[in-house]
Amino acid sequence: VLAKRYAKWFAWPIYIEKDDILSDHSKRSGGYVGRRVLAEIDSGTNPLLMIDLINVGTSAVDWLVENCDFQVFPFTASARTSPSRTVQGGLQIANDRTWAYWNMRVLLDPQNGHELMLPPSPKLRADLTAPRYEIRSGTIHMESKDKIKLRLGRSTDTGDAFTLAALEDLLPVFRV
């Protein structure tokens, strides 16, 4: 799923079907996804490409780094490169996936004044509101993607793409 962000406004999600990606060896190499990503870039822009490393993401990152001049940022959900505490400052964050979704919650809270504009997609709304959180020993843990899949009957790929796009302004936090 590709999520395009223009400042505070997000375009409708763009879906690349898994069958298209897996139909032949050259597509599995990441080149197919990389070319699709490049085809969606608006001319005259210099976007930051945030790519989830799950599944075909690793090979897509490799292909994009070799074949384009845009900044490519690989995202590893299980990593812990995010801030160690919530925006409120009280609770620790378990991993980057938890932090990305928690950050989206903060950005979408009207009381915080961020004024993000998401497309009115029922699938996106379901993905962003489905995760449940648990606090263990002062640390926020988001439930596993497998548990969410069981409840929704599908993956939260759309929500994942939009939470990554929302991190663009916060990228320096991830630099190691």
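Predicted model: local features only at pLDDT ≥ 70, side-chain atom pairs only at ≥ 80, totals over all residues.

Modeller: Residues are numbered from 1 along each chain as its sequence is written, and side-chain values use heavy atoms, with hydrogens and water left out.

Strands pair here if DSSP finds at least two bridges between them; the strands themselves (E, at least two residues) and the helices (H or I, at least four) are DSSP runs numbered from the N terminus. Three strands make up the open sheet, in the order 5-7-6 and with mixed pairing. Strand 5 (92-93) and strand 6 (133-136) are its edges, each pairing on one side only. Packed on this sheet is helix 5 (residues 96-108), which touches strand 5, strand 6 and strand 7, a contact being heavy atoms within 4.5 Å. The direction of helix 5 makes about 95 degrees with that of strand 7; angles run from 0 to 180 degrees between N-to-C directions, and axes are lines fitted to C-alpha atoms, for helices over the stretch in contact.

Now for the surroundings. The chain has eight helices and seven strands. Helix 6 (residues 122-129) and helix 8 (residues 157-166) have axes that come within 8 Å and cross at roughly 80 degrees. These two helices are therefore roughly perpendicular to each other, the label for 65 to 115 degrees (under 35 is roughly parallel, over 145 roughly antiparallel and the rest oblique). From helix 6, Lys-123, Leu-124, Asp-127 and Leu-128 meet Asp-157, Thr-158, Gly-159, Phe-162 and Thr-163 of helix 8. Three nonpolar, three polar and three charged residues make up this contact.

Among the buried ones is Thr-158, whose relative accessible area is 1%. Leaving out residues up to four places away in sequence, Thr-158 touches Val-1, Pro-13 and Tyr-15 as well as Lys-123, Leu-124 and Asp-127.

Elsewhere, strand 3 and strand 4 (residues 71-75) run parallel, joined by five bridges, and one of these partners Met-50 with Phe-73. Four of the five residues of strand 3 are buried, so strand 3 is largely enclosed by the rest of the structure. The largest nonpolar core has 15 residues; such a core is a set of buried Ala, Val, Leu, Ile, Met, Phe, Trp, Tyr and Cys residues joined through side-chain atoms within 4.5 Å. Helix 3 (31-39), strand 3 (48-52) and helix 4 (57-67) each give two or more residues to this core, and helix 4 has the largest share with four. Leu-49 is among the core residues with the most contacts inside it, and beyond four places in sequence the neighbours that Leu-49 touches include Val-37, Ile-41, Leu-64, Cys-68, Phe-70 and Val-72.

For the chain as a whole, 42% of the 176 residues are buried. Of the contacts with a separation of 6 or more, 57% are between residues 24 or more positions apart.

Key. Nonpolar A, V, L, I, M, F, W, Y, C, P; charged D, E, K, R; others polar. Buried < 20%, exposed > 50% of the residue type's maximum accessible area, 1.4 Å probe, protein only.
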